Amino acid sequence: MAVLTLSPGAFRYIAEAPRTFQSVLVALLGIALVGSVATLGAFLTLVYPMLVLAWLTFHCALSRFVTQLLVKESPAGGLPAYPDWIRSQYFTVSPWMFGLVPLVGAFAGIYSIVLEVRSIMDMGGCSAGRGIVIYLVTGVVRALLFGLVVAVFGAGILSIFALDSLLPW
């Protein structure tokens with residue numbers, strides 16, 4: 001409840017509570033499973049949740065790294081370790097549960113961004129402005145990496161067609 005009401009220090013508490021990881025992991029797998037069945041069908045039902053968790057874990061670790069680079073004065077006790085940071089950041093996607101509900105899903109996505117910025121502020125000991133900058137820098141880096149992956153995959157697909165036209169069959 002403290003996460004949903006944006007209570008200061010809630011994410012710091014989550015980062016320090018080791019048992020929260022199990023419950024949030026089960027919830028995230030459930031969200032990813034429902035999303036994959038609803039959108040992609042049964043073929044990718046097992047692959048899609050793992051891809052979502054891998055991408056989300058990468059995003060959280062990247063957020064921690066960017067925070068380490070951009071926050072000059074760490075909070076008392078320093079930044080949480082990567083596993084603790086990731087555990088806390090997983091809670092920021094809890095509004096994704098409402099992603100399948102028309103119109104509500106859009107607001108849930110926006111609220112998820114607000115929660116992530118609040119999480120960065122709590123654990124990084126920084127202001128709202130710096131938290132937003134960290135979120136945006138992380139998003140730009142993720143977008144560039146995703147674009148690179150798509151470009152490499154697209155070039156591979158296009159090379160198959162080019163190779164097919166060169167072979168005499």
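**Side-chain packing**

Author: Cys 126 has a relative accessibility of 13% and therefore counts as buried; the term means under 20% relative accessible area, with exposed over 50% and partly exposed in between (1.4 Å probe, protein chains only). The model is predicted, so that local features need pLDDT of at least 70 and side-chain atom pairs count only at pLDDT 80 or more, while totals for chains, interfaces and linings use all residues. Residues are numbered from 1 along each chain as its sequence is written, and side-chain values use heavy atoms, leaving out hydrogens and water.

Cys 126 belongs to the largest nonpolar core, which has 16 residues. Such a core is a set of buried Ala, Val, Leu, Ile, Met, Phe, Trp, Tyr and Cys residues joined through side-chain atoms within 4.5 Å. Together with Cys 126, the members that touch the most others are Phe 11, Trp 85, Ile 120, Met 123 and Ile 134. At least two residues of this core come from each of helix 1 (10–16), helix 3 (47–70), helix 5 (104–124) and helix 6 (128–166); helices are DSSP runs (H or I, at least four residues) numbered from the N terminus. Helix 5 gives the largest share, five residues.

Beyond its neighbours within four places in sequence, Ile 134 is in contact (heavy atoms within 4.5 Å) with Ser 63, Val 66, Thr 67, Leu 70, Val 71, Ile 120 and Cys 126. A second, separate core of five residues includes Leu 56, Cys 60, Tyr 90 and Val 93. Cys 60 is buried at a relative accessible area of 1%. The count of disulfides (cysteine sulfur atoms within 2.5 Å) is zero.

Two aromatic pairs are found. Rings of Phe, Tyr and Trp (its six-membered ring) pair if their centres lie within 6.5 Å; planes under 30 degrees apart count as stacked, over 60 as edge-to-face and the rest as tilted. Trp 55 and Phe 58 have ring centres 5.6 Å apart and planes at 40 degrees, so this pair is tilted. Because Trp 55 and Phe 58 are three residues apart in helix 3, about one helical turn separates them. Trp 55 is partly exposed at 35%, as is Phe 58 at 32%. The pair of Trp 55 and Phe 146 is edge-to-face, at 6.2 Å centre to centre and 65 degrees between the planes. This pair links distant parts of the chain, Trp 55 in helix 3 and Phe 146 in helix 6, 91 residues apart. Trp 55, Phe 58 and Phe 146 form one aromatic cluster.
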